[in-house]
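Have the coordinates open and follow along.

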Amino acid sequence: MIQFSGVSKYYDGDVVLKDISFTIEKGELAYITGPSGAGKTTLLKLIYCAERPDTGQIVVAGWDVGKLKQGTIPFLRRNVGIVFQDFRLLFNKTVFDNIALALRIHDMQPREIKETVNNVLKDIRLKHKEHVFPQHLSGGEQQRIVIARAMVSRPTVLLADEPTGNLDMDTSRNIMGLFREINARGTTVLIATHNNALFHGTGRRVLYLNNTHIEKEAVG
Ligand SMILES: Nc1ncnc2c1ncn2[C@@H]1O[C@H](COP(=O)(O)OP(=O)(O)OP(=O)(O)O)[C@@H](O)[C@H]1O
Ligand SMILES: [Mg+2]
């Protein structure tokens, strides 16, 4: 589902990722970890084409991502959901509208949008907050809405960058549970985090990024 072959990435002549190869299988839920500055976010950005590789090939859900023309990127992004910290909610829109926006882009009919958004709100147990504006929600609730927005269009691949940020342990567990549910419904999930507690004991595959390459791979 996600395949890197000999991928390198430089910023201003400095190497961040060097000759990286790995595969994430369809239906997998896997983690990327490593110290701050190791290149976790960069690696995710390469997958959804926010950055381009300098060498090598990246194939995501059948798309040769490194070679995509600018105009084709939106089609890739319909299949790749992202939960990123710098990709926040719109504060002038209600919870319902924040999630519905992702579907309006998909040309869905209003009645179907309402039903789909309501179902996702039930999934994340925030149906009672549908008319609330995001600034009146707790950090953990906001993050659940961000995840709902990413999952509502049923992406083939879901990418998450430090999805539990500085949330408490209970809220973090709850959010990781949501990722497991999304994964159980068939979405391939890749989570970048420096927080070992998130993958410890999960039995899922963990890629350790350090010093420009994947240093080791283990089971969490
Ligand atoms: N747009 C950019 N321009 C130049 N350098 C960049 C850019 N983005 C990232 N870098 C550099 O690339 C390296 C990897 O950054 P990246 O954000 O991918 O690391 P990370 O593993 O996600 O770190 P963290 O755990 O702190 O989020 C860092 O040295 C960073 O300074
Ligand atoms: Mg990062």
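Does Ile 73 count as buried or exposed? At 5% relative accessibility, Ile 73 counts as buried; the cut-offs are under 20% relative accessible area for buried, over 50% for exposed and partly exposed in between, with a 1.4 Å probe and protein chains only. Before going further, some ground rules: this is a predicted model, where local features need pLDDT of at least 70, side-chain atom pairs count only at pLDDT 80 or more, and totals for chains, interfaces and linings use all residues. Residues are numbered from 1 along each chain as its sequence is written, chains are lettered from A and ligands numbered from 1 in the order in which they are written, and side-chain values use heavy atoms, with hydrogens and water left out.

Back to Ile 73, which sits in helix H2. Helices (H or I, at least four residues) and strands (E, at least two) are DSSP runs, numbered from the N terminus. Leaving aside neighbours within four places in sequence, Ile 73 is in contact (heavy atoms within 4.5 Å) with Tyr 48, Cys 49, Arg 52 and Leu 68.

On a 1 Å grid over the protein atoms alone, a pocket is an open set of points where a 1.4 Å probe fits, with protein on both sides within 12 Å along at least five of seven lines, and lining residues have an atom within 4 Å of a point. Grid points are joined across faces, edges and corners, and a volume is the space filled by probe spheres set on the points. The largest pocket has a volume of about 520 Å³. It is lined by 19 residues, of which Arg 77, Ile 82, Phe 87, Ala 102 and Ile 105 are the closest to its centre. Two or more lining residues come from each of helix H2, strand S6, helix H3 and helix H5 (139-151). By type, the lining has 11 nonpolar, four polar and four charged residues; here Ala, Val, Leu, Ile, Met, Phe, Trp, Tyr, Cys and Pro count as nonpolar, Asp, Glu, Lys and Arg as charged, and the others, Gly among them, as polar.

Now follow H3 itself. Seven of its 10 residues are buried, so H3 is largely enclosed by the rest of the structure. The buried ones are Val 95, Phe 96, Asn 98, Ile 99, Ala 100, Ala 102 and Leu 103, and what covers them includes H4 and H5. Thr 94 is in the loop between strand S6 (80-83) and helix H3 (95-104). Thr 94 is buried too, with a relative accessible area of 14%, and, not counting residues up to four places away in sequence, touches Glu 130, His 131, Val 132 and Phe 133.

The second largest pocket has a volume of about 210 Å³. Among its 13 lining residues, Val 120, Met 151, Val 152, Arg 154 and Arg 185 are the closest to its centre. Helix H4 (residues 110-123) gives the largest share of that lining, four residues. The lining divides into five nonpolar, five polar and three charged residues.

Arg 154 is exposed, at 56% relative accessible area. Thr 212 also has a positive phi, about 75°, without being a glycine. This one is in the loop between S9 and strand S10 (213-219), and Thr 212 is buried, at 19%.

Last stop: ligand 1. Which residues are around ligand 1? Those near it (a heavy atom within 4 Å) are Tyr 11, Asp 12, Val 16, Pro 35, Ser 36, Gly 37, Ala 38, Gly 39, Lys 40, Thr 41 and Thr 42. A backbone N or O atom of Gly 39 lies 2.9 Å from a ligand oxygen. From the side chains, an N or O atom of Lys 40 is 2.7 Å from an oxygen atom of ligand 1, and one of Thr 41 is 2.8 Å from an oxygen atom of ligand 1.

Definitions and conventions:
Polar contact = N/O pair within 3.5 Å; in protein donor to acceptor, adjacent residues only side chain to side chain.
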